[in-house]
Amino acid sequence: MSHVTDMKVLFTRLFSIKNGFNNIRWGSRQFSQDSGKSVQALPPLSEPMPNLSPVVYSSAKSEDSITEVTVLSNGLRVASEKKFGQFCTAGVVIDSGPRYEVAYPSGICHFLEKLSFGATHKYPTRDVMLRELERHGGICDCQGSRDTTVYAASADSKGLEAVTQVLAEVTLRPQLSTDEIEAARQAVAFELETLSMRPEQETILMDMIHAAAYNGNTLGLPKICPKENVYKIDRGIILNYLKNHYTPNRMVVAAVGVDHEPFVEYVQKYFVDMKPMWNSEDNNSFNPNVDKSISQYTGGIEQEECEIPLYPGSDLPELSHVVIGIESCSHGDPDFVATCVLNMMMGGGGSFSAGGPGKGMYTRLYTNVLNRYHWMFNATAYNHAYGDTGLFCVHSASPPNRIYDTTLVIARELSNMAGKVGETELRRAKTQLQSMLLMNLEARPVVFEDVGRQVLATGKRKPPSYFINEIEKITADDIVRVAKRMLSKRPSVAARGKLTHLPTFEEIQANMTLNKSDTSPQGRRLNLFRV
């Protein structure tokens with residue numbers, strides 16, 4: 001009986017649900033019929049909504065983009081710039097790098113990068129320091145170039161004092177314990193071993209091309225620690241270097257996203273009132289003066305016969321690499337902006353790069369080189385600018401049996417820079433350089449580095465608008481003049497890989513020489529299909 005009763009209840013519920021659906025359907029139809037009569041016309045999208053309060057948009061303030069600079073009593077420069085946002089970036093930019101290691105074993109700055117943000121007199125271990133930064137959502141980093149070392153940290157603006165104290169501790173009061181030195185030594189040795197096992201060759205080649213361009217002086221000194229110096233560098237040598245190069249007149253403490261006055265107070269408290277550790281520590285090691293030599297461009301060739309590792313899981317063949325460079329100009333030279341436009345015009349990249357005009361697919365090294373010679377896997381232009389000189393170079397890669405043709409193609413393309421400049425390619429290069437400049441300056445750390453480097457070099461910062469206007473002024477005649485100025489110097493060559501077919505230095509130099517009657521380079525015609 002219970003089963004029969006359950007079935008009755010089930011049918012009763014199903015019947016009621018069915019009736020409910022019918023009511024809903026009928027009701028929806030009736031509703032739609034009724035509502036169609038009462039729909040009101042909405043205002044068009046081309047007109048503002050009535051009865052709304054006016055919208056107030058934010059506007060940029062001119063004072064927010066002004067870089068303030070203060071020189072403290074000991075010569076230390078403090079620079080800051082306001083920027084909207086909760087976070088700030090602060091750091092120390094130091095006139096220090098491998099170019100000043102002429103009286104030291106090369107590789108000290110390589111060691112200092114590995115030793116950065118370690119234990120200090122205030123913070124007994126690296127972990128204690130990092131926890132202090134993490135309290136304010138902070139991160140830190142240290143990077144070095146051939147003439148500059150940068151210590152930087154980004155954190156919440158409310159933790160500016162803590163960040164300033166950390167920066168002062170790591171630059172002026174590091175412990176440099178025996179364990180830290182040994183850990184840095186192992187890190188450097190491991191990095192050297194890893195570099196020789198990687199297919200990417202840019203790091204090694206940039207050292208080689210600088211060694212060829214500035215043989216035995218300043219910028220030609222190695223950035224990567226030589227193997228023979230890994231076990232020569234000790235605490236005494238590092239302290240001696242710091243004592244001579246980490247001095248107030250060679251440093252700029254900069255910040256972006258902070259108020260200037262409190263920042264100056266923090267810098268005075270931790271960088272000036274508290275003394276560096278080497279001022280109170282007895283150090284009897286050799287104490288030379290800072291090298292003030294001006295870079296001497298020599299030109300020449302550096303080559304290393306070796307086997308380049310293959311890309312794992314890739315069908316790319318074994319490659320040989322060649323870099324051809326010529327002396328350009330310093331970042332303070334009147335031709336600096338024109339050189340940057342020429343660099344954008346040359347452009348280039350890898351043969352498998354994706355993208356459109358914004359990625360440089362219409363630059364000369366793509367249209368004239370990579371799109372024409374299927375055996376070239378890379379052709380990229382670089383411009384390195386320093387305080388007293390510069391180096392313009394092109395890095396290329398191809399299979400070893402094509403290295404002869406590759407080298408001559410690049411040499412002739414460099415020579416063709418002094419030829420006719422098209423109006424369209426000049427406009428494209430100028431626009432691309434302007435957009436790249438502005439897009440990079442959207443990032444707060446980039447603004448910080450720009451502020452620090454400019455104040456270190458000139459004592460002030462030129463605003464982005466200045467460079468935008470200077471780029472706009474560049475003409476085709478400026479490009480040709482700059483190119484001829486660079487091509488008048490002896491070239492520099494760096495090559496690595498299997499170099500049996502590498503042309504001689506004289507051949508490379510001959511293919512970069514222009515005719516007196518026109519602007520076409522000399523040399524034999526290349527065969528695109530020769531195996």
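Reader: At what angle do α9 and helix α12 pack?
Author: In this predicted model, α9 and helix α12 (residues 423-440) pack at an angle of about 105°. Their axes are 8 Å apart.

Reader: And what do I call that arrangement of α9 and α12?
Author: Roughly perpendicular. The label covers angles from 65 to 115 degrees, so α9 counts as roughly perpendicular to α12.

Reader: Which residues meet there?
Author: From α9 you have C340, V341, M344 and M345. On the α12 side they meet E425, L426, A429, K430, Q432, L433 and M436. Sorted by class, that contact of α9 with α12 has eight nonpolar, one polar and two charged residues.

Reader: Ok, what about α9 and helix α15, how are they packed?
Author: Helix α9 (residues 336-346) and helix α15 (residues 476-487) pack at about 90°, and their axes are 9 Å apart. That makes α9 roughly perpendicular to α15.

Reader: Who makes the contact between α9 and α15?
Author: A338, T339, V341, L342 and M345 do it from α9. Their partners in α15 are D478, I479, V482, A483 and M486. By class, this contact has eight nonpolar, one polar and one charged residues.

Reader: New topic! How many aromatic pairs are there in the whole structure?
Author: A search finds six aromatic pairs. One of them is Y104 with Y241, an edge-to-face pair with 5.3 Å from centre to centre and 80° between the planes.

Reader: Where do Y104 and Y241 lie?
Author: Y104 lies in the loop between β3 (87-94) and α2 (108-115), and Y241 lies in helix α7 (residues 235-245). The pair therefore ties together parts that are 137 residues apart in sequence.

Reader: Nice! Are Y104 and Y241 buried or exposed?
Author: Y104 is buried, and Y241 is buried too.

Reader: Wait, what is the phi of F117?
Author: F117 has a positive phi of about 55°, although it is not a glycine. Most residues other than glycine have a negative phi.

Reader: Where is F117 found, and is F117 buried or exposed?
Author: F117 is found in the loop between α2 and α3 (126-134). Its relative accessibility is 4%, so F117 counts as buried, since the cut-off is under 20%.

Reader: What about T218, what is its phi near?
Author: Phi of T218 is near 35°, again a positive value in a residue other than glycine. T218 sits in the loop between α6 (202-213) and α7, and T218 is buried, with a relative accessible area of 3%.

Reader: Now E265: buried or exposed?
Author: E265 is exposed, with a relative accessible area of 54%. The reasoning is simple: exposed means over 50%, so E265 qualifies. E265 lies in helix α8 (residues 260-273). E265 and E161 are 104 residues apart in sequence, and 9.2 Å apart in space from C-alpha to C-alpha.

Reader: Last one: how many helices and strands does the chain have?
Author: The chain comes to 16 helices and twelve strands. Of its 531 residues, 48% count as buried.

How values were computed:
Residues numbered from 1 in each chain as written. Predicted model: local features only at pLDDT ≥ 70, side-chain atom pairs only at ≥ 80, totals over all residues. Heavy atoms only, no water. Helix = DSSP H or I, 4+ residues; strand = E, 2+ residues; numbered from the N terminus. Buried < 20%, exposed > 50% of the residue type's maximum accessible area, 1.4 Å probe, protein only. Axes fitted to C-alpha atoms, helices over the stretch in contact; angles between N-to-C directions. Parallel < 35°, antiparallel > 145°, perpendicular 65-115°, else oblique. Contact = heavy atoms within 4.5 Å. Nonpolar A, V, L, I, M, F, W, Y, C, P; charged D, E, K, R; others polar. Phe/Tyr/Trp six-rings, centres within 6.5 Å; stacked < 30°, edge-to-face > 60°.
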